[in-house]
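Please take a moment to look at the sequence and the three-dimensional structure side by side.

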Amino acid sequence: MQKKIVINCDNKQTRVAVLEDDKPVEIYLERPVHQRVVGNIYKGVVANVLPGMQAAFVDIGLERNAFLYVDDALLPEESNNSRGKKKIEELLRPGEEVMVQVVKEPFGSKGARLTRQITIPGRHLVLMPSAEYTGVSRRIEDPDERERLRQIIAEIRPEGHGLIVRTVAEGLDDDAFRQDLQFLLPLWDRIQNRFRQKQAPSLIYQDLDLIYRMIRDLFTEQIEQLVVDTRYEFEKIQEALDVVDSSLVNRVYYYSGDEPVFDVYGIEAEIERALSRTVWLDCGGYLVFDHTEALTVIDVNTGKYIGKTNLADTVFKTNLEAATEIIRQVRLRDIGGIIIIDFIDMDNEEHRRLVLEKLTEKAKEDRTKSHILGLTGLGLVEMTRKKARQGLDAVLQQTCPYCHGRGKVLTADVVSARTERQLKSYLNGLDAEAVLVEMNQSVAGLLIGPGGSYLRKLEEETGKTIFIRGSETMHVEKHHVLATGSLSEVQELAYPVTVGERYQVKVEEPHANNPYDGIARISGFVIDVQAGGAYVGETVTVEIMEVAKTFARAKVV
């Protein structure tokens with residue numbers, strides 16, 4: 001499998017994409033205004049202890065207090081012997097100062113999640129201060145290599161500290177680990193000194209910025225190329241690699257082309273695809289992603305794929321391709337928590353087994369820990385994936401200010417009826433002859449009615465002259481009262497055209513009742529262009545012949 005890292009930098013953000021076989025599988029983004037806090041170590045103050053939740057809230061200086069669960073509140077030496085035995089009120093008290101590390105970013109209304117079991121990553125090792133523990137990355141699968149590495153770190157492990165061997169260290173000798181320790185142990189001493197010297201709440205250790213985390217954590221022998229589009233960062237990366245791993249320097253490339261680097265590698269299009277609810281498969285089937293607070297549901301559909309042999313074969317091939325794409329999308333979108341996958345029903349037991357195997361095989365390529373729990377009685381696949389940071393949609397999108405996250409808006413006829421009720425209530429208390437109201441043009445047409453019949457009835461009921469202006473850009477559920485006053489004052493504002501004047505207009509569509517004519521608009525005001533049906537989509541010059549309350553008539557000149 002070919003692996004690449006592509007980095008795009010500008011003044012507003014840094015973006016990193018990890019590609020496998022030229023397809024993006026992971027996206028990382030960092031903005032100066034939204035600094036990442038996972039991995040940071042703080043001197044915090046316990047704000048309150050909640051025995052009912054077996055948790056505490058800790059002030060670490062962020063906008064919201066962070067959350068510390070009882071198992072994470074145990075110190076390393078306590079967690080080895082007393083996990084689950086001590087209660088939160090025995091471990092912490094309000095006002096106490098504690099050293100904590102962020103393990104999960106703040107999400108929505110939830111604060112960051114903390115632990116007192118500190119870990120400090122180096123290039124080849126992770127130092128666990130005060131923990132009597134040694135471990136090897138689960139991604140190193142060879143049993144002999146795992147045992148060899150365990151023996152090395154057992155020999156070099158400092159007393160009173162734990163060590164974990166990182167994946168990148170596979171095949172290395174003890175010199176590489178000793179070099180890492182020469183960096184990590186003094187760093188831990190500095191963190192302890194800052195904890196003693198600084199006032200709480202305060203930051204006492206900040207993890208590296210995005211590019212240098214990528215070099216430390218991702219840039220290994222398995223990466224064929226690292227491409228960066230900024231000369232300054234290119235040179236800084238080379239300098240860093242001289243210290244970290246000089247053998248990788250010749251794999252770093254500076255991109256200086258005119259086309260944006262994310263466009264050249266097809267990453268920008270894949271980001272757009274990853275923000276869509278629907279993702280099409282190469283075979284013609286498609287996936288649908290639905291997110292709730294508790295879980296993510298992924299539905300698989302055959303779509304346009306009709307197969308070549310029989311239904312069972314068509315379903316199997318769609319599900320098999322879907323399994324590969326689902327894991328890629330889960331990684332790309334960084335979906336965490338509970339994931340439910342609704343594959344197309346398969347009667348063949350062998351087909352079900354192969355699809356589940358494909359899903360499991362692809363999940364092993366994911367650096368984030370996940371568990372596939374198998375098929376439920378309803379034929380659904382249950383899966384969990386660790387959630388440490390915000391997903392791609394949370395980073396790049398915000399809740400729609402119009403629908404407030406519903407994902408749907410009211411239909412034009414429902415809005416028309418609602419707007420009519422609201423106007424009646426408003427106009428009954430209005431001390432003015434006339435009113436000018438702006439609304440979406442689809443709603444305006446329904447409110448006016450055929451030949452203005454609905455609008456005339458509304459005017460009779462309210463005793464007011466009502467001018468309606470349609471807007472193509474206005475939200476379908478909104479309307480604005482633009483002016484109230486005497487009939488002459490409002491009429492002057494309501495009519496953007498004058499009889500005898502000429503205007504350039506774009507003929508948007510044929511007239512609904514007379515396709516020979518065309519419809520244009522000026523500031524939302526309808527222009528009925530005689531013989532304009534032949535000019536739909538074109539811009540023409542027209543002369544106004546007549547102005548009525550809801551439209552004007554014009555001819556092409």
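Predicted model: local features only at pLDDT ≥ 70, side-chain atom pairs only at ≥ 80, totals over all residues.

Helix H14 gives the most to the lining, with four residues. Sorted by class, the lining residues of this pocket divide into eleven nonpolar, ten polar and eight charged.

We turn now to the packing of helices. Two packed helices are described by the angle between their axes and the distance between the axes. For H14 and H15, the axes are 5 Å apart and the packing angle is about 70°. Because angles from 65 to 115 degrees count as roughly perpendicular, H14 and H15 are roughly perpendicular to each other. The residues that meet are Leu446, Leu447 and Ile448 in H14 and Ser453, Tyr454 and Leu455 in H15. By class, this contact of H14 with H15 has five nonpolar residues, one polar residue and no charged residues.

Helix H15 also packs with helix H13 (residues 412-428), where the two axes come within 10 Å and cross at roughly 30°. Since angles under 35 degrees count as roughly parallel, H13 and H15 are roughly parallel to each other, and H13 passes H15 in a right-handed crossing. On the side of H13 the contact is made by Glu420, Leu423, Lys424, Leu427 and Asn428, while on the side of H15 it is made by Leu458, Glu461 and Thr462. The contact of H13 with H15 has three nonpolar, two polar and three charged residues.

Another pair is formed by helix H10 (residues 311-333) and helix H11 (residues 349-363), whose axes come within 8 Å and cross at roughly 15°. This angle makes H10 roughly parallel to H11, and the crossing in which H10 passes H11 is right-handed. Among the residues that meet are Phe316, Leu320 and Ile327 in H10, and Leu354, Val355 and Leu359 in H11. How many residues of each class does the contact of H10 with H11 have? It has ten nonpolar, three polar and two charged residues.

A cis peptide bond joins Ala200 and Pro201, with omega at about -5°, and Pro201 lies in the loop between helix H5 (174-197) and strand E13 (202-205). Ser130, in turn, lies in the loop between strand E10 (125-129) and strand E11 (134-136), and the phi of Ser130 is near 70°, a positive value in a residue other than glycine.

Technical notes:
Residues numbered from 1 in each chain as written. Heavy atoms only, no water. Helix = DSSP H or I, 4+ residues; strand = E, 2+ residues; numbered from the N terminus. Nonpolar A, V, L, I, M, F, W, Y, C, P; charged D, E, K, R; others polar. Axes fitted to C-alpha atoms, helices over the stretch in contact; angles between N-to-C directions. Parallel < 35°, antiparallel > 145°, perpendicular 65-115°, else oblique. Left-handed = near helix turned anticlockwise from the far one by under 90°. Contact = heavy atoms within 4.5 Å.
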